[in-house]
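Okay, thanks for coming, everyone. Let me put the structure up and we'll walk through it together.

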Amino acid sequence: MAAPTFLPLDDVRYGTAEQMSPLIRRVIAENPSKFTYRGTGTYVVGHGDVVVIDPGPRLDAHREALEAALEGERVRAILVTHCHSDHSPLAAWLREQTGAPTIAFGPHPRPAPGTDPIEPPDDDVEIEESTDYDFRPDVAAADGDVIDVVPGATFTAVHTPGHTSNHMCWALGEESALFTGDHVMGWSTTVVSPPDGDMAAYIDSLRRVAGRNDTVLWPTHGPPRRDAETYVTALIEHRLERERGVLAQVRAGRSTIPEIVEVLYADVRAELHKPAGRSVWAHLEHLVDQGLVGFDGADRPMLDGTYRPC
Ligand SMILES: [Zn+2]
């Protein structure tokens, strides 16, 4: 199986609504980073009566661009994929402006005390996107719920835990389209970082998307993908291959996450070794679940834990 091929960098225009399909417009926020690619893509779906997906980060320019894009429209619902700070914070403002309800799986759970040894981060290294713990949806959606508030634009909730436990993709039936948030990104693999991120759930959720037969995936970051099954299958294989690499390192006697990262990420800049460690941690949790790896000295697999083959 070939590695996933990421699409070439696309040109983006910040601050304007671009028509992407008959029903879909996109406004990109100017918050480019190593987690957000060119920025957060906020989607506006429908005409006249509209649904907004992931209003985005708290940035004045993005709020103004969204306000301009929505002039003359009636916002009927605000769908949120998950509560990272590049996705959900402007939902509160948009709700206030429009009276439209926010709809999402639920708030982002806080890590249980003691489960995340470097929360908050202990230095300036950006490990992952920060979390918008303040977001609480007006309507908590469950997998399969149908949101039918705009004529000609019917959404179905597709719960896809893994990147976060509350991650929801939103399917638009009329265009056989799936808004994938950060579950499937168009330009890179996503972050799966315990304790809220979960590799087993993530791979299961990828399998679910691969089997849905959507014509097009609309990620929050990066270009649309029209090769959903092939692309998502390659993403799954990429993760499983990395997991086999982690298992091989444990079997070769490397018992801590930094030791494993040093070998597996030897060709990656040292500043990325911390986020890589979170990813190795997620794989170790998954290997423990499968009975292939054991751990010592704690009641659950930890970032600073000691691992051994089973
Ligand atoms: Zn995210």
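Predicted model: local features only at pLDDT ≥ 70, side-chain atom pairs only at ≥ 80, totals over all residues.

Residues are numbered from 1 along each chain as its sequence is written.

Domains, then. We have domain 1, 17-227, and domain 2, 240-309, with bounds from an automatic or database domain assignment. Their C-alpha centres are 29 Å apart. Domain 1 puts 12 residues into the contact and domain 2 puts in 14; contact here means C-beta atoms, placed from the backbone, within 7 Å.

Now the sheets. Helices (H or I, at least four residues) and strands (E, at least two) are DSSP runs, numbered from the N terminus, and two strands pair if DSSP finds at least two bridges between them. For angles, axes are lines fitted to C-alpha atoms, for helices over the stretch in contact, and values run from 0 to 180 degrees between N-to-C directions.

The other open sheet has 5 strands, S8-S9-S10-S11-S12, again with mixed pairing. S8 (146-150) and S12 (216-219) are the edges with a single partner strand each, so one side of each has no neighbour in the sheet. The twist averages 25 degrees from one strand to the next.

So what about S11: buried or exposed? Buried: 5 of its 5 residues are, taking buried as 20 or more other C-beta atoms within 10 Å of a residue's own, placed from the backbone. Ala177, Phe179 and Gly181 point one way, Leu178 and Thr180 the other.

On one side, S11 (177-181) runs antiparallel to S10 (168-172) over 3 bridges, with Trp170 partnering Phe179. With S12, S11 pairs in the parallel sense over 4 bridges, and Gly181 stands opposite Pro219. The chain gets from S11 to S12 through helix H3 (199-210), a right-handed β-α-β crossover: with the strands pointing away from the viewer, the path from the first strand over the helix to the second runs clockwise.

Conventions:
Contact = placed C-beta atoms within 7 Å. Buried ≥ 20, exposed ≤ 12 C-beta atoms within 10 Å, placed from the backbone.
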